[in-house]
Amino acid sequence: MEILYEDNHIIAINKKNSDIVQADQTGDEPLSERVKAYIKEKYNKPGDVYLGIPHRVDRPVSGVVLFAKTSKALVRLNKMFQEHDQEITKIYWAIVGNLPEEDHARLTHYMVRDAEKNKSYAYNKPKSGAKEAILEYKLLGCGQRYYLLEVKLCTGRHHQIRCQLAKIGCPIKGDLKYGFPRSNEGGGISLHARSITFTHPVKQEKITIVAPPPLNDTLWKFFYENLES
């Protein structure tokens with residue numbers, strides 16, 4: 001478990017793309033339980049350890065996940081994520097198999113979620129029951145067959161990045177649900193929650209937490225090393 005940041009109030013983990021953030025119907029051990037076990041052992045805490053989950057990252061996605069270690073931090077973070085989402089900056093990296101028409105653009109679609117299929121659909125024009133979805137992307141790197149995009153979320157919709165990139169003909173590598181032809185080894189997709197910037201719920205200062213991509217993957221390593229150099 002890779003800890004990116006920790007203080008008395010919050011802890012941030014670099015999630016693997018096989019981890020679930022909290023318990024679901026699969027019965028697999030969630031990341032939240034591993035974080036609790038870590039806190040219990042490190043601080044020798046008796047009884048149950050408190051851990052709040054103010055935001056989630058889809059199971060097949062890697063990257064930064066934020067947890068609250070106190071109820072005060074959770075209440076304030078929940079309010080921030082739900083009511084003042086514009087104060088939070090979420091940056092993602094995505095590897096796609098098709099080069100987008102523009103090197104950078106702002107995408108606006110209208111998304112409808114199908115809960116039964118656990119899938120969202122994007123439309124170019126407003127539609128009954130649809131929610132506006134906005135993101136900005138820019139091209140960061142080019143390989144022989146794949147391209148690295150940096151994505152800034154402006155709204156927070158279900159599967160938003162996956163759905164909107166697929167809508168412009170750039171499904172994320174490994175994302176069978178949204179039209180990529182082949183799965184990735186291990187079943188994850190090449191989408192990484194790169195960073196999150198927000199106001200600390202107690203200290204009231206701006207904080208940015210950055211997560212390195214999964215460097216055991218040769219393609220992520222290629223793009224990352226090229227950016228670093």
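User: How do the residues lining the second largest pocket divide into nonpolar, polar and charged?
Analyst: The model is predicted. In the second largest pocket, the lining has 10 nonpolar, 11 polar and eight charged residues.

User: What is its volume, and which residues lie nearest the centre of that second largest pocket?
Analyst: The volume of the second largest pocket is about 580 Å³. Its lining has 29 residues, and those nearest the centre are Asn-17, Pro-214, Asn-216, Asp-217 and Trp-220. Two or more lining residues come from each of β2 (10-15), α1 (31-42) and α4 (218-228).

User: And the largest pocket, how much space lies in that?
Analyst: About 1,200 Å³. The largest pocket is lined by 36 residues, with Arg-56, Asp-58, Arg-157, His-158 and His-159 nearest its centre. The elements giving two or more residues to that lining are α2 (71-83), β4, β5 and α3.

User: What about the classes in the lining of the largest pocket?
Analyst: That lining has 14 nonpolar, 11 polar and 11 charged residues.

User: You mentioned α3. How many of its residues are buried?
Analyst: Six of the eight residues in helix α3 (residues 160-167) are buried, so the helix is mostly covered. The buried ones are Gln-160, Ile-161, Arg-162, Cys-163, Gln-164 and Leu-165.

User: What covers them?
Analyst: The cover over the buried residues of α3 includes β4 (89-96), β5 (104-114), β6 (119-123), β7 (131-142), β8 (147-153) and β9.

User: Which residue just after α3 has a positive phi?
Analyst: Gly-169, at about 85°.

User: Switching to Ser-195. Where is it, and is it buried or exposed?
Analyst: Ser-195 sits in strand β9 (residues 191-199). Its relative accessible area is 12%, which is under the 20% cut-off, so Ser-195 counts as buried.

User: What is Ser-195 in contact with, leaving aside neighbours within four places in sequence?
Analyst: Ser-195 then has contacts with Val-64, Thr-89, Lys-90, Ile-91, Thr-208, Ile-209 and Val-210.

User: Now salt bridges. How many in the whole structure?
Analyst: A search finds 10 salt bridges. One of them joins Lys-69 and Glu-6, whose closest N and O atoms are 2.9 Å apart. Lys-69 is in the loop between β3 (62-68) and α2, while Glu-6 is in strand β1 (residues 2-6), so the pair links distant parts of the chain, 63 residues apart.

User: Are those two buried or exposed?
Analyst: Lys-69 is buried, at 14% relative accessibility. Glu-6 is partly exposed, with a relative accessible area of 22%.

User: What does Asp-19 form a salt bridge with?
Analyst: Asp-19 pairs with Arg-34, the closest N and O atoms being 3.0 Å apart. Asp-19 lies in the loop between β2 and α1, and Arg-34 lies in helix α1, 15 residues apart. Asp-19 is buried, with a relative accessible area of 9%, whereas Arg-34 is partly exposed at 26%.

User: And which residue does Asp-28 pair with?
Analyst: Asp-28 forms a salt bridge with Arg-59, with closest N and O atoms 2.8 Å apart. Asp-28 is in the loop between β2 and α1 and Arg-59 is in the loop between α1 and β3, so this pair ties together parts 31 residues apart in sequence. Asp-28 is partly exposed, at 34% relative accessible area, and Arg-59 is partly exposed at 29%.

Note on methods
Residues numbered from 1 in each chain as written. Predicted model: local features only at pLDDT ≥ 70, side-chain atom pairs only at ≥ 80, totals over all residues. Heavy atoms only, no water. Helix = DSSP H or I, 4+ residues; strand = E, 2+ residues; numbered from the N terminus. Buried < 20%, exposed > 50% of the residue type's maximum accessible area, 1.4 Å probe, protein only. Contact = heavy atoms within 4.5 Å. 1 Å grid on protein atoms, 1.4 Å probe; cavity = no way out; pocket = protein on both sides within 12 Å on 5 of 7 lines; lining within 4 Å. Points joined across faces, edges and corners; volume = space filled by probe spheres on them. Nonpolar A, V, L, I, M, F, W, Y, C, P; charged D, E, K, R; others polar. Salt bridge = Lys/Arg side-chain N within 4 Å of Asp/Glu carboxyl O.
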